Amino acid sequence: MKPIYQTTTFSKYLFLLLFNGYLEQPNNHSTVFLKIRRGCFILCLFSICLSCKNKSENTPQQDTPAWIDKVGAENAIIKDTVYFVNDFGGIGDGKTINTEAIQKAIDKCAENGGGTIAFKPGTYLSGSIFIKKNIHFKIGKNVTILGSQDINDYKEIDTRVAGIEMKWPAALINVSNQENVIIDGEGLIDGQGKVFWDYYWDLRKNEYEPKGLRWIVDYDAKRPRTILISDSKNIALKDLNIQKAGFWTVHVLYSEKITVDGLIIKNNIGGHGPSTDGIDIDSSKWVLIQNCDIDCNDDNFCLKAGRDWDGQRVNRPTEYVVIRNCIARKGAGLFTLGSETAGSIRHVYVSNIKGLGTSNGLNIKSALTRGGTVEDISLQNIQMDSVKTFVKISMNWNPSYSYSKLPEGYDIDSIPIHWKKLLKEVPASKGIPTFKNISLSNIDVKGAEKAMNVKGLENSIIENISLNDVHIEAKTAGGISYSKDWNLENVSIKTEDKSEITLNNTEGIHFNTP
């Protein structure tokens, strides 16, 4: 508690009292008393200024959402008891499969009301493990968890992958239908994903693409995620080192009150794995992501909400998400929304992010069968260097992947269920996405190939985009189509080829490029 003399109310009262006396001419007062009174007056002024300064520092900016203090996991109270995996048969030799031993330790810990799961120094090979409530799963210093390279070591579960609910291998580390879980430590999680990357490319290039099945290969080439948080609440991932994910690295699905803090993700070691996203937030809410450093071969930070008919059936949004104080290195997008937008994505605040060599800065993508609304998105204090495109927005993204067509020779009644979901027709009125109310401020972009590539649709205009204090240096300017009502304040675009932003079918957009 502040001393009373530092409070604003006290300072204002004393100020008024002394101010009235200060203006009076001293008749019967001594010179000493006058000096004391003037000293008090100056002291009060200083106190008021200090109080106002403190108030200003503790008050959010006007354009900072009021809800951002509500995101993230709450402090979980977990018992002090420690269960070493080694006491349940765990062997850290890098060769012995430890799935059963780790799960036994977890189950016993949960049976006794929770506690900490720990490892003695070593390298532990494992398939899918499932962490339960009230557990602190600690990967300590000098501990490495290796993901098995045998897909049979990953139990198939009911989950959602790339916007479709289906059977798919569980992740290496799973938190499903749980609460009050912490996963942290200075050790390493190595997904050993290259075997799965090679499998995907071989299946796609040599079998699926020649048959006209590009649209389904990502679902049939089953690859394990590294960490899955599903249908859970109050979960924290902290200070983890993760590399070489077989598929997505961290997938948060149908969950709330989640914190992802201090993760270092390196998926470009030993190759460039397909779909090795960094962090995917999928139909979840009240999520905090901060202090993370991601180097991957797809979207670095990505928000999703379901695909096509199945995503609209589920109809769960991603909302109330804060991403701050992070670094995005190589990858498809510093910050990506979509392409799975069916359940809508809204109320998102991104601040203090550096993009170094990332393909796109803000990347919003969807398709004519997705539907959903992307709105109330705010990006502030972003620095980008050597990106391909600062803002890339498309409602007709990657047609060969986005649109499903069953080739001749296949029987619709005998194909897998997830094929049928993707082939189920979405009415045109429900398939068109909507993008609106997006704010970008205090952005500095250098070394970009293109400033903007924004493409709306004739029947879905991108509207109400705000750019404040945005400065871009790029090879070429790019263009905007089917968009309206952009508020531009202190925006500069410097291009090597002296081009300016091309406007097609726009209204209320005026750039003044130097």
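The legends below describe close-up views of a predicted model.

**View 1. Strand β16 lies between two parallel partners, β13 and β19.**
Strand β16, which covers residues 250–253, pairs with strand β13 (residues 227–230) in the parallel sense over four bridges, and Ser-230 stands opposite Leu-253 of β16. Four bridges also join β16 to strand β19 (residues 279–282), again with the two strands running parallel, and here His-251 stands opposite Asp-280 of β19. In a regular strand the side chains alternate between the two faces of the sheet. Which residues of β16 lie on each side, and are they buried or exposed? Val-250 and Val-252 are on one side, while His-251 and Leu-253 are on the other, and all of these residues are buried, so that both faces of the strand are covered.

**View 2. Strand β14 pairs with β11 and with β17.**
Strand β11 (residues 179–184) and strand β14 (residues 233–238) pair in the parallel sense over five bridges, and Asp-184 stands opposite Lys-238 of β14. The pairing of β14 with strand β17 (residues 256–261) is likewise parallel and has five bridges, with Ala-236 standing opposite Thr-259 of β17.

**View 3. Ring pairs build a cluster, and two lysines lie over aromatic rings.**
Trp-67, Trp-286 and Tyr-320 are linked into a cluster by ring pairs. Elsewhere in the model, the charged end of Lys-155 sits over the ring of Phe-130, at 5.8 Å from the centre of that ring. Lys-365, in turn, lies over the face of Trp-397, with a distance of 4.2 Å to the ring centre.

**View 4. The largest pocket has Lys-365 and Trp-397 among the residues closest to its centre.**
The largest pocket holds about 930 Å³ of space and is lined by 45 residues, of which Asp-298, Ala-332, Lys-365, Trp-397 and Asn-398 are the closest to its centre. Several elements give two or more residues to this lining, including helix α4, β22 (299–304), β26 (360–365) and β29 (434–455). Which element gives the most residues to the lining of the largest pocket? Strand β28 does, with four residues. By class, the lining is made up of 15 nonpolar, 17 polar and 13 charged residues.

**View 5. The largest cavity has Tyr-154 in its lining.**
Rolling a probe the size of a water molecule over the atoms shows where empty space is left. The structure holds one cavity of 30 Å³ or more, and the volume of the largest cavity is about 40 Å³. Its lining is formed by Tyr-154, Leu-172, Gly-191, Pro-224, Arg-225, Thr-226, Ala-245 and Gly-246, which by class are four nonpolar, three polar and one charged.

**View 6. The backbone has a cis peptide bond at Gly-338 to Ser-339 and positive phi values at His-347 and Asn-398.**
Most residues other than glycine have a negative phi, and most peptide bonds are trans. The peptide bond from Gly-338 to Ser-339, however, is cis, with omega near 0 degrees, and Ser-339 is found in the loop between β24 (333–337) and β25 (345–356). His-347, which lies in strand β25, has a positive phi of about 60 degrees although it is not a glycine. Asn-398 also has a positive phi, near 45 degrees, and is placed in the loop between β28 and α7. Because its relative accessible area is 26%, Asn-398 is partly exposed.

Notes. Residues are numbered from 1 along each chain as its sequence is written. This is a predicted model: local features need pLDDT of at least 70, side-chain atom pairs count only at pLDDT 80 or more; totals for chains, interfaces and linings use all residues. Side-chain values use heavy atoms; hydrogens and water are left out. Buried means under 20% relative accessible area, exposed over 50%, partly exposed in between (1.4 Å probe, protein chains only). Two strands pair if DSSP finds at least two bridges between them. Rings of Phe, Tyr and Trp (its six-membered ring) pair if their centres lie within 6.5 Å; planes under 30 degrees apart count as stacked, over 60 as edge-to-face and the rest as tilted. A charge sits over a ring if NZ of Lys or CZ of Arg is within 6 Å of the ring centre and within 35 degrees of the ring normal. On a 1 Å grid over the protein atoms alone, a cavity is a set of points where a 1.4 Å probe fits but cannot get out, and a pocket is an open set with protein on both sides within 12 Å along at least five of seven lines; lining residues have an atom within 4 Å of a point. Grid points are joined across faces, edges and corners, and a volume is the space filled by probe spheres set on the points. Ala, Val, Leu, Ile, Met, Phe, Trp, Tyr, Cys and Pro count as nonpolar, Asp, Glu, Lys and Arg as charged, and the others, Gly among them, as polar.
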